[in-house]
Amino acid sequence: MNPLAVAIAAILILALLETPLFTVIAALSIACLYLMEHDLLALQTVLIEMNRLGAMPVLVALPLFTFVGCLLTETRSPQRIMNFIDALMGWLPGGLAMAALCSCAFFTALTGASGVTIVALGGILYPIMRRKGYGESFSLGLLTTSGSLGLLFPPSLPVILYGVVAQVDIGRIFKAALVPGLLLIGVLCIYAFFKQAATARPEKATLGVSFSRVKSAFVDGIWDWPVVGIILAGVYGGFVTIAEVSAVVLIYVVAVECFVLKEVSFFKTLPSIIVESAVLSGAIIVILGVSLGFTGFLVDQQIPNRILEWLTALSDNRLLFLAGLNLFLLAVGCIMDIFSAIVIVVPIIVPIALSYGVDPIHLCVIFLVNLEIGYSTPPVGINLFISSLKFEKPVTLLYRSSLPYLLILLGVLVVITYIPWLSLVFV
């Protein structure tokens with residue numbers, strides 16, 4: 001019996017037993033390298049890749065933005081942002097739904113985790129939407145699918161991680177993802193508008209925007225707006241690197257939340273937030289390090305080339321390849337969290353996609369949009385189960401509630417996939 005096959009089978013069993021992911025990937029890397037090379041020196045590949053990872057300046061942004069996201073979840077900042085957007089759009093049919101979409105996208109961009117958005121904002125927004133007359137199915141579907149919308153916007157952790165793994169400029173990825181990200185939100189806002197306009201209007205009728213309310217909400221969040229400005233100016237303006245942006249944002253948020261607004265105690269609450277963010281970002285970095293070692297094995301054994309030969313034997317049509325890629329990535333998004341999918345799948349698909357003539361920046365956008373949608377795709381999309389637990393509803397109801405949004409997002413995915421200009425216009 002092939003010892004490599006036995007080792008891989010044993011490691012898969014460990015994965016099914018919920019062994020920590022970094023342990024599974026590290027074991028897989030070591031087993032593959034040693035059993036294929038029969039030389040302990042081959043194991044140095046893992047250490048070399050981890051050392052190379054640690055030397056990347058951009059990696060600093062990952063733990064810093066993670067800390068910012070964890071810190072903001074403990075404040076009223078998401079609520080203030082939501083109040084301002086609602087003041088601007090709440091008078092429209094479906095205005096509260098549009099405000100919820102934009103707020104969830106903003107919060108997900110900061111935290112990098114859609115599950116956190118559903119738990120933190122969903123608990124606030126769901127009862128408000130129900131009191132305002134929005135249907136149960138409409139509200140559940142909107143909050144479930146909007147939990148992952150912000151993954152394309154800065155300072156999204158998945159974008160940073162993708163850039164590190166694929167060795168693509170992170171600033172260019174954020175610029176490329178801007179139009180597709182806005183398109184996703186815009187289409188869902190249009191759906192909410194016409195959905196509510198076609199039914200009894202839930203909001204209290206008004207003649208338009210209440211400028212006094214907008215001014216009050218803006219002033220209430222006056223300390224939050226510099227965070228948005230720093231991120232947008234730093235990422236899209238090209239004045240500083242993403243690592244420098246993360247450092248400036250972190251210093252500002254800590255200073256404001258601990259010493260100006262005093263929503264977080266510097267001595268009592270901040271240490272626990274530091275530990276929480278360190279555990280999260282540390283886990284991602286360790287997984288990334290051992291995964292790069294496994295990537296070295298895949299390259300040495302020419303696995304992507306073999307897959308490419310098999311695919312081109314079936315078809316060398318780029319359009320068919322993109323369709324198959326979307327189906328594959330949607331399935332990946334259902335069964336894996338986005339961080340694991342990036343470190344495991346990206347090294348395999350990038351060389352194959354490049355061989356089909358797909359632009360690497362466009363590929364990144366396609367990849368991230370697919371995984372966004374995969375979070376809410378039945379039967380095992382993780383957002384569906386998080387929403388089921390948070391709102392105490394059967395998961396079958398979440399399936400039905402999310403279906404209209406899912407179909408809309410899939411339609412936008414097709415447009416983004418086959419019109420590369422949308423992703424490359426600012427690159």
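The second largest pocket of this predicted model has a volume of about 480 Å³. A pocket is an open set of points on a 1 Å grid over the protein atoms alone, with protein on both sides within 12 Å along at least five of seven lines, and lining residues have an atom within 4 Å of a point. A volume is the space filled by probe spheres set on the points, which are joined across faces, edges and corners. Of the 20 residues lining the second largest pocket, C102, F106, F153, V228 and L232 are the closest to its centre. Two or more lining residues come from each of α5 (77–89), α6 (95–111), α10 (170–197) and α12 (225–237); helices are DSSP runs (H or I, at least four residues) numbered from the N terminus. The lining has 19 nonpolar, 1 polar and no charged residues, where Ala, Val, Leu, Ile, Met, Phe, Trp, Tyr, Cys and Pro count as nonpolar, Asp, Glu, Lys and Arg as charged, and the others, Gly among them, as polar.

A search of the whole structure finds 1 cavity of 30 Å³ or more, a cavity being a set of grid points where a 1.4 Å probe fits but cannot get out. The largest cavity has a volume of about 70 Å³. Its lining includes I81, F106, W223, D224 and E257. Helices α5, α6 and α13 (242–260) each give two or more residues to this lining, and α13 gives the most, with 4. By class, the cavity lining divides into 9 nonpolar, 1 polar and 2 charged residues.

The axes of α5 and α6 come within 8 Å and cross at roughly 145°. Axes are lines fitted to C-alpha atoms, for helices over the stretch in contact, with angles from 0 to 180 degrees between N-to-C directions. The contact residues comprise 12 nonpolar, 2 polar and 1 charged.

The count of aromatic pairs comes to 13. Rings of Phe, Tyr and Trp (its six-membered ring) pair if their centres lie within 6.5 Å; planes under 30 degrees apart count as stacked, over 60 as edge-to-face and the rest as tilted. F138 and Y405 form a tilted pair, 6.0 Å centre to centre with 55° between the planes. Because F138 lies in helix α8 (residues 136–146) and Y405 in helix α20 (residues 395–418), the pair ties together parts that are 267 residues apart in sequence.

Residues are numbered from 1 along each chain as its sequence is written, and side-chain values use heavy atoms, with hydrogens and water left out. Local features need pLDDT of at least 70 and side-chain atom pairs count only at pLDDT 80 or more, whereas totals for chains, interfaces and linings use all residues.
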